[in-house]
Amino acid sequence: MGETSIICKPTADTFLRFGVVLAAFFGFGLYFFYDGSVGYREANEVFCSYHAFAELGGKVDATSADDWRADRASLPLIEAKRTADGLVAVQADGHELPLPTVCEAAFSCPPEAADYEAMKRGWMECWQAYSARRHFPIKPGEHGYDAGAIREQWIAGGVCMLISAVLAYLMLRTRRRVMALEGDLVTAAGQQFRVSEISRLDLRQWGQGFKGVAYATVKGRRVRMDGMTYGGFSKEKGEPAEQWMQALLAQYKGELIEYAAEEKTEH
């Protein structure tokens, strides 16, 4: 194996960064899935209910108490129908807005809207009473969400989950890997090769603020050496990645591109 043996394992900071990004994409994915399955449909119920109260408020003055009670006893608050995709509210312009599977206002008129005297005093007060009972926001969204908008949420959620899966794979792969120098045997980026097989070593991104990325050309292929991920540069730990690189440079005799130098130099 030789005298030199330095093994740099993934740093804790690497997994912290992976974890933060993974949690963010996974969380966004769950959020999109929730809106696609529940959130947008519930928002549509609020939107349609609010506008139904407003529409009834405009009609109450032109309707007798008896006719009002008769209509409210037989007509639901929201005009809706069953489709292959579930319950949908039918808008005046023909648009269909998906509703929750259980939607009280699609099958009956709530007592707050059926109360003729209360509606005469003001439909907004009736809406506030209804929204408080149903735990709805007093002010609905500016628009409803059709089937296309809901489908977009499912697609966005799927993309986020796919990215999460890729990140989880990369995280597990990183955990299994090391950056090592054992004698003249180099291990980096999941590959192994001899120091003598390196024809060019590019260190321009190893320092100068880039911190810890070098590239070795081995038999025509470019191999990434990531000191930030493996070993790290913590001074408290003795800068393991820098120690690893210095040990490699002590053996390397080929073409070298120094830290910030653009021209090729011989080492």
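View 1. Ala-80 stands opposite Ala-89 in strand 3. Helix 1 packs on the sheet here, touching strand 3 and strand 4. Its direction makes about 130° with that of strand 4. Contact means heavy atoms within 4.5 Å. Axes are lines fitted to C-alpha atoms, for helices over the stretch in contact, and angles between N-to-C directions run from 0 to 180 degrees. Strand 2 and strand 3 (residues 86-90) run antiparallel, joined by four bridges. Two strands count as paired if DSSP finds at least two bridges between them. Helices (H or I, at least four residues) and strands (E, at least two) are DSSP runs, numbered from the N terminus. The model is predicted: local features need pLDDT of at least 70, side-chain atom pairs count only at pLDDT 80 or more, and totals for chains, interfaces and linings use all residues. Residues are numbered from 1 along each chain as its sequence is written, and side-chain values use heavy atoms, with hydrogens and water left out.

**View 2. Three strands form an open sheet in the order 2-3-4.** The pairing is antiparallel. Strand 2 (80-83) and strand 4 are the edge strands, and each pairs on one side only. From one strand to the next, the twist averages 40°.

**View 3. Leu-97 is a buried residue of strand 4.** Strand 4 covers residues 96-98. Leu-97 has 6% relative accessibility, so it counts as buried. Buried means under 20% relative accessible area, exposed over 50%, and partly exposed in between (1.4 Å probe, protein chains only). Leu-97 and Leu-87 are ten residues apart in sequence and 8.5 Å apart in space, C-alpha to C-alpha.

**View 4. Four strands form a second open sheet, in the order 1-5-6-7.** The pairing is again antiparallel. Strand 1 (5-8) and strand 7 (191-194) stand at the edges with a single partner strand each, so one side of each has no neighbour in the sheet. The twist averages 10° from one strand to the next. Four bridges join strand 6 (residues 185-188) to strand 7. Thr-187 stands opposite Gln-192 in strand 7.

**View 5. Lys-120 and Asp-61 form a salt bridge.** Their closest N and O atoms are 3.4 Å apart. Lys-120 lies in helix 4 (residues 116-121) and Asp-61 in the loop between helix 1 and helix 2 (65-74), so the pair ties together parts 59 residues apart in sequence. A salt bridge is a side-chain nitrogen of Lys or Arg within 4 Å of a carboxyl oxygen of Asp or Glu. Lys-120 is partly exposed at 40% relative accessible area. Asp-61 is exposed at 58%.

**View 6. Glu-117 and Arg-69 meet in another salt bridge.** The N to O distance is 2.8 Å. Glu-117 sits in helix 4 and Arg-69 in helix 2, 48 residues apart. Both are partly exposed: Glu-117 at 39%, Arg-69 at 38%.

**View 7. Arg-224 and Asp-226 also pair in a salt bridge.** The N to O distance is 3.6 Å. Arg-224 is partly exposed at 39% relative accessibility, whereas Asp-226 is buried at 13%. Elsewhere, salt bridges that share partners join Glu-45, Glu-104, Glu-112, Arg-133 and Arg-134 into one network. The whole structure holds 14 salt bridges.
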